[in-house]
Each structure stands twice: as C-alpha cells, then as structure tokens.
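Open the model in your viewer and keep the selection tool at hand.

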Amino acid sequence: MYHTVLSLGSNLGDSEALVAWVVANARQLGSVKTVSSMYSTPPWGGVEQPDFRNVTMAVESEYTPRQWLLWGSNLEARAMRTREVRWGPRTLDVDVIASWLLADDGGPLDVFSDDPDLLLPHPRAHERAFVLTPWLEIEPHARLHGRPIDELLAETRADERAAIRLIGPVPDVDPDQPPVCAE
C-alpha cells in the first residue's frame with residue numbers, strides 16, 4: 001500500500017469543476033484519504049496567465065506513484081491538456097508530489113525516483129507555496145526532503161504566500177461527466 005500526495009491545478013476552462021472532477025474520479029477509486037480546500041493561487045514561473053485553482057489530495061491504495069502519474073495523465077488528456085509553454089496555462093495539471101510505501105512492520109518508507117518522467121519527491125514542490133499551503137492544511141505534520149512542510153512553506157516567497165486565497169471546499173461533481181475544457 002502506498003500513501004501518495006497529488007497536487008491538482010487548473011487555470012483554463014471551468015477550473016474549479018475540473019479540479020473537483022479529478023477528486024471525484026479518485027473518490028470513485030475508493031483511494032482518497034483526505035482532500036484540501038480549494039485555493040486561488042497566482043501563476044508560477046513568469047508566464048502571464050490567469051490565477052490557478054489548486055487542491056492537494058492524499059491517496060492511499062495499491063497504486064504505485066507511476067500508476068498515479070498515468071492516471072493523472074489520462075485525466076489531463078481527457079481535459080484536453082496541452083503542453084505548449086513551460087509553466088504556461090493549462091486546463092488541468094495532476095502532479096505526483098511525494099509517496100511513501102506503507103510497510104507492514106512500521107513506519108512509511110520514502111519512495112524515490114530519478115526517472116525524468118517521474119522525479120520523486122517532486123523536485124520543486126518545496127519552493128511552491130501553491131503546493132505546500134493546501135498540503136499543510138490536510139497533513140500538518142508531513143515532511144518533504146526530511147523537513148517539516150510548514151518550515152518549507154515559511155521559506156517560500158512572502159508575496160506568493162500572501163497572494164494565495166482560500167476558495168472553500170471542493171464541490172461535488174459527477175466523475176463520469178468531464179467539465180467544459182474550452183481554453
């Protein structure tokens with residue numbers, strides 16, 4: 001069994017519904033442990049674009065991190081995600097942030113990957129307030145790179161932290177009906 005943290009984001013189309021649709025699909029699998037509130041966050045990476053809607057979700061299942069990556073990529077494709085500009089606008093983004101193998105004999109074991117398609121832990125998560133803020137909400141004692149995520153969040157840029165706004169709970173949507181994805 002794996003405990004995996006996923007970061008969900010969207011800033012094109014019906015962003016709130018798109019992110020909620022990912023959560024609904026994970027709930028359909030029966031693997032959702034906890035889901036953060038939805039946040040409005042400024043874009044990251046210097047590309048001019050609308051604000052994002054972001055959610056962090058913790059899942060527990062037999063799915064490996066690679067299987068979660070493929071699952072998320074499938075949903076991104078169904079949401080007509082394109083990759084034209086690095087850190088550019090997108091209908092949907094599903095990132096695997098970190099994962100732990102839940103061992104029968106004790107504590108969780110960190111999962112590491114240096115595969116270019118799946119770097120674990122996510123190489124820039126510790127720099128991104130839009131990942132750490134919702135993650136802190138659902139797992140306040142979590143650690144990344146051996147450090148508490150609240151410490152990592154405190155080291156992110158103050159202006160990025162200040163620009164994050166709480167939207168509220170993730171709305172319920174039908175997992176079988178993808179939202180409008182027009183860009």
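Select Ile164 to begin: Ile164 is buried, with a relative accessible area of 15%. Here buried means under 20% relative accessible area, exposed over 50% and partly exposed in between, using a 1.4 Å probe and protein chains only. Ile164 sits in the loop between helix H5 (158-163) and strand S11 (165-168); helices (H or I, at least four residues) and strands (E, at least two) are DSSP runs, numbered from the N terminus.

Before moving on, a word on the model. This is a predicted model, in which local features need pLDDT of at least 70 and side-chain atom pairs count only at pLDDT 80 or more, while totals for chains, interfaces and linings use all residues. Residues are numbered from 1 along each chain as its sequence is written, and side-chain values use heavy atoms, with hydrogens and water left out.

Now show what surrounds Ile164. Leaving aside neighbours within four places in sequence, Ile164 is in contact (heavy atoms within 4.5 Å) with Tyr39, Ser40, Thr41, Pro42, Ala129, Phe130 and Thr133. For a sense of scale, draw a distance to Leu118: the two C-alpha atoms are 27 Å apart in space, and the residues are 46 apart in sequence.

Next, select helix H1 (residues 15-29). Its 15 residues reach 22 Å from first C-alpha to last, close to the 21 Å expected at 1.5 Å a residue, where the expected span is 1.5 Å times one less than the number of residues. Of those 15 residues, 11 are buried, so H1 is largely enclosed by the rest of the structure. Trp21 and Asn25 are among the buried ones. What do the buried residues of H1 pack against? Their partners are strands S1 (2-10), S2 (32-35), S3 (38-41) and S4 (52-61), helix H2 (65-78) and S5.

Finish with the aromatic rings. Rings of Phe, Tyr and Trp (its six-membered ring) pair if their centres lie within 6.5 Å; planes under 30 degrees apart count as stacked, over 60 as edge-to-face and the rest as tilted. By this rule there are three aromatic pairs. In one, the rings of Tyr63 and Trp68 have centres 4.8 Å apart and planes at 50°, so the pair is tilted. Tyr63 is partly exposed at 29% relative accessible area, whereas Trp68 is buried at 1%.
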